[in-house]
Amino acid sequence: MKTKHSLGTKLNPTKPIAYTLLRELADGQFHSGTDLAQKAGISRASVWNAVEQIEAMGLLVYRIRGRGYRLAESLLMLDREKIGRLLGEHSPFGVIFLDEVESTNTFLLEQAQQRAPHATVVVAEWQRGGRGRLNRTWYAKPCGSLTFSLLWRFNQGAGALSGLSLAVGLALVRALQAFGLPEVGLKWPNDVLWRGQKIAGILIEMQGEAFGPSAVVIGVGVNVSLDTTIKALINQPSADLSILAAEAAVDRNELLACLLTQLNIVLIDFEKFGFLALKQEWQRWHWYQDKRVRMTLPSGEVNTGWARGVDDSGALILEIDQKLKSYHSGDVSLRAEEVSS
Ligand code: ATP
């Protein structure tokens, strides 16, 4: 059966009714058109239209005469109560749930301008047009990726926040490890890897004055279960958490709670002590420590050398011709250097 994929395109937003139906179909069982129509309070024709929309999201729906509709794969949808329970009543986080959004970062930056409180979180079932650095695309699967943004208000200004993106990477690694993922690592400045393949990405955007205070929006995307269509769009080796889910789907609610808990701990430490307090631990997870790497600068110039860890501000240190050189994150791009034997 063919699916119509609207990934990465600027098509019309999915209608809310499609998400209502998706919640009914999420169990992966057959549901008759009549049942669905009754539960959603719509006509059979509207059910048919909503199923079309679900297919346009890239999800496969089986339609069998006499039995109704069934999703090819069951889904674990986001669950407001469950996340609330997992975070506990003393949690600092105020979570906004969205069915779909172009970019959780863009949405939260707008909220921040309208005085959204510290520790506001925006999480979406589907982030349709996620961004990486330099407006590169972050691909996400509807209900199969965890995409969220966190607003953190610092007293300090942007100038005092060097190393923040590394600190956030460290929080993700701690959380994914606690979640049971083995062989995790960090690629400078802040990609999270599994066996050297990118499993999570971070995009940090700031508002504020150089000397503070500043509002920082931390966008996180974790691949939970990518399909081949999405994997084919990603122009570097990627991985997802399906290795953890031989029997049951990964629960994005548990994952979100785990990530937010670690982000809270790490960001408080970062605020008090700066990156220096986290540097040793960051380096322990550094996937390319003492390996050959290739650094591409904004000018297009390429430098190759040995990755020798990071300095107290989070700059990467490369050893090139026996001299140490540091690189600040920005528009530089790091890759493993293929060594021919
Ligand atoms: P570079 O190392 O070249 O700077 P990056 O990986 O740090 O790249 P980001 O801007 O952080 O770049 O992220 C965007 C890039 O991530 C995309 O260009 C693509 O290669 C990759 N990407 C996009 N979606 C995913 C995904 N779901 N999983 C893994 N990688 C992805």
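**Close-up 1. Helices α6 and α8 cross in the predicted model.** Helix α6 covers residues 164-178, and helix α8 covers residues 252-273. Their axes come within 8 Å. The crossing angle is roughly 140°. That makes α6 oblique to α8, because only angles over 145 degrees count as roughly antiparallel. The crossing of α6 past α8 is right-handed.

**Close-up 2. Side by side, the residues of the α6 and α8 contact.** Helix α6 contributes Leu 164, Ala 167, Val 168, Ala 171, Leu 172, Arg 174, Ala 175, Leu 176 and Ala 178. From α8 come Leu 255, Cys 258, Leu 259, Gln 262, Leu 263, Ile 265, Val 266, Leu 267 and Phe 270. The contact of α6 with α8 holds 16 nonpolar residues, 1 polar and 1 charged. Arg counts as charged, and Arg 174 is on the α6 side.

**Close-up 3. Five strands form an open sheet.** The order is β15-β14-β13-β12-β16. Pairing is antiparallel. The edges belong to β15 (323-327) and β16 (333-336). Each edge strand has a single partner, so one side of each is left without a neighbour in the sheet. On average, neighbouring strands of this sheet are turned by 45° against each other, direction ignored.

Close-up 4. Arg 294 stands opposite Arg 335, a residue of β16.

Definitions and conventions
Residues are numbered from 1 along each chain as its sequence is written. This is a predicted model: local features need pLDDT of at least 70, side-chain atom pairs count only at pLDDT 80 or more; totals for chains, interfaces and linings use all residues. Side-chain values use heavy atoms; hydrogens and water are left out. Two strands pair if DSSP finds at least two bridges between them. Helices (H or I, at least four residues) and strands (E, at least two) are DSSP runs, numbered from the N terminus. Axes are lines fitted to C-alpha atoms, for helices over the stretch in contact, and angles run from 0 to 180 degrees between N-to-C directions. Angles under 35 degrees count as roughly parallel, over 145 as roughly antiparallel, 65 to 115 as roughly perpendicular and the rest as oblique. A crossing is left-handed if the near helix is turned anticlockwise from the far one by less than a right angle, and right-handed if clockwise. Contact means heavy atoms within 4.5 Å.
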